[in-house]
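Welcome! Let's take a walk through this protein and look at the spaces inside it.

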Amino acid sequence: MSSSPRVVVLAGGVGGAKFTLGVRAALARRGAPEATVVVNTGDDLWLSGVRLQPDVDSIVYALAGQNDTQRGWGRAGDTERVNHELQAWGAGWPWFTLGDLDLGTHLARTGWLRDGLTPTQVIGRMSRRWPLGVHLLPMTDTEADTIVVLCDGRRMHFQEWWTRHRAALQPAAFENPGIGDAAPAPGVAEAIAGADVVLLGPSNPVVSLGPILAVPGMRAALASTSAPVVGVAPIIGGRVVRGMADVCLAAIGVETSASAVAAHYGARADGGLLDAWLLAEEDGALAPEVAGRGIRPIVTPLWMTDAAASADIVDAALDAVGV
Ligand code: FO1
């Protein structure tokens, strides 16, 4: 057992932020080095001339203690004066809220990108203002925004499908144009190679972890690391914990069950990703099924009610693989 494990986390936004708070707390308890957190950038978009990175911002705001805990996204105590003005101009999306403080982030980011900084360097700048207690990296520096292909053939940005239509339009597929030419952001593959454990957070397997895993080189990095790869089920008691992940799973033919999601990631021994899989106590009966798929099941409470509960989940994962 190492008291100072080098931990890499793959994470989406809102759930990823809750999980990352737990990672930071669990590693602080052990006196371990900061984790490297690789965040999905498939949710990113250009809107009203600014670059938004919703999942990056959800994690940054949560770790900085600046997040709106009620909504799960955006800044605490934000106002919407600029948003009203944008709407009066007919700019942006009427169903999409850009808070005033949040817009400050988007303007700063867009300015830095226009100055030639990469997304990795922009996140580095953000971490100077708010030391995050983790090393946050985007999955890639290449733009690869998620597009939803609907069953009726229409295509729309993921954020329109998610926030305007609340995932109610039947999706046929999710695509990330440009991802074929992408590479993991600088430091990502190196962190995975040097890790003692890699954690797949309880994020949406399709539109959060899906784009991360679709970056060329990412799966190879995970396959070749000597670190165990441990996933956390985003399903508790047969239901998605948050968001509309069940609609996304159905679109790719995966049942909303913790065992089916484990099968979707696959056993590392069979060319998949997972060595071990954290299952909620409510899904303990699925443990033999998961084990039968060649993945070690670990049954533990999975509700991330606060940072301490999330840290307990991380402890369970680290303890199970002896790091
Ligand atoms: N989610 C909404 O449901 N409605 C919004 O108007 C909205 C605005 C928004 C602005 C900035 C940002 O970073 C996130 C925002 N979100 C909003 C959350 C976001 O759409 C999704 O929850 C995530 O991308 C999914 O992880």
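**Pockets, ligand and cavities**

Four helices, namely helix 1 (14-30), helix 2, helix 4 (100-114) and helix 6, each give at least two residues to the lining of the largest pocket. Helices here are DSSP runs of H or I with at least four residues, numbered from the N terminus. This is a predicted model, in which local features need pLDDT of at least 70, side-chain atom pairs count only at pLDDT 80 or more, and totals for chains, interfaces and linings use all residues. Residues are numbered from 1 along each chain as its sequence is written, and side-chain values use heavy atoms, with hydrogens and water left out.

A pocket is found on a 1 Å grid over the protein atoms alone, as an open set of points with protein on both sides within 12 Å along at least five of seven lines; a cavity is a set of points where a 1.4 Å probe fits but cannot get out, and lining residues have an atom within 4 Å of a point. The largest pocket holds about 990 Å³ of space, a volume being the space filled by probe spheres set on the points. Its lining has 46 residues, and V14, S58, G72, W73 and W162 lie nearest the centre.

What takes up the space of the largest pocket? The ligand does, by the rule that more than half of a molecule's atoms lie within 2 Å of the grid points. Among the residues around the ligand are D43, W73, W95 and T163, where a residue counts as near if one of its heavy atoms lies within 4 Å. Helix 2 (54-63) and helix 6 (158-164) each supply at least two residues of this shell, and helix 6 gives the largest share, three residues.

Now look for polar contacts, pairs of N or O atoms within 3.5 Å. The side chain of Q159 has an N or O atom 2.5 Å from an oxygen atom of the ligand. For R166, a polar side-chain atom lies 2.8 Å from a ligand oxygen, and for D55 the distance from a side-chain N or O atom to a ligand oxygen is 3.1 Å. On its own the ligand has 540 Å² of accessible area, and the protein covers 91% of that (Shrake-Rupley method, 1.4 Å probe).

Finally, turn to the cavities. There are two of 30 Å³ or more. The largest has a volume of about 60 Å³, and its lining includes P202, R242 and I313. The second largest cavity holds about 40 Å³, and helix 3 (residues 81-88) gives the most to its lining, with three residues.

Note on methods. A polar contact is a pair of N or O atoms within 3.5 Å; within protein, one must be able to donate a hydrogen and the other to accept it, and residues adjacent in sequence count only if both atoms are side-chain atoms.
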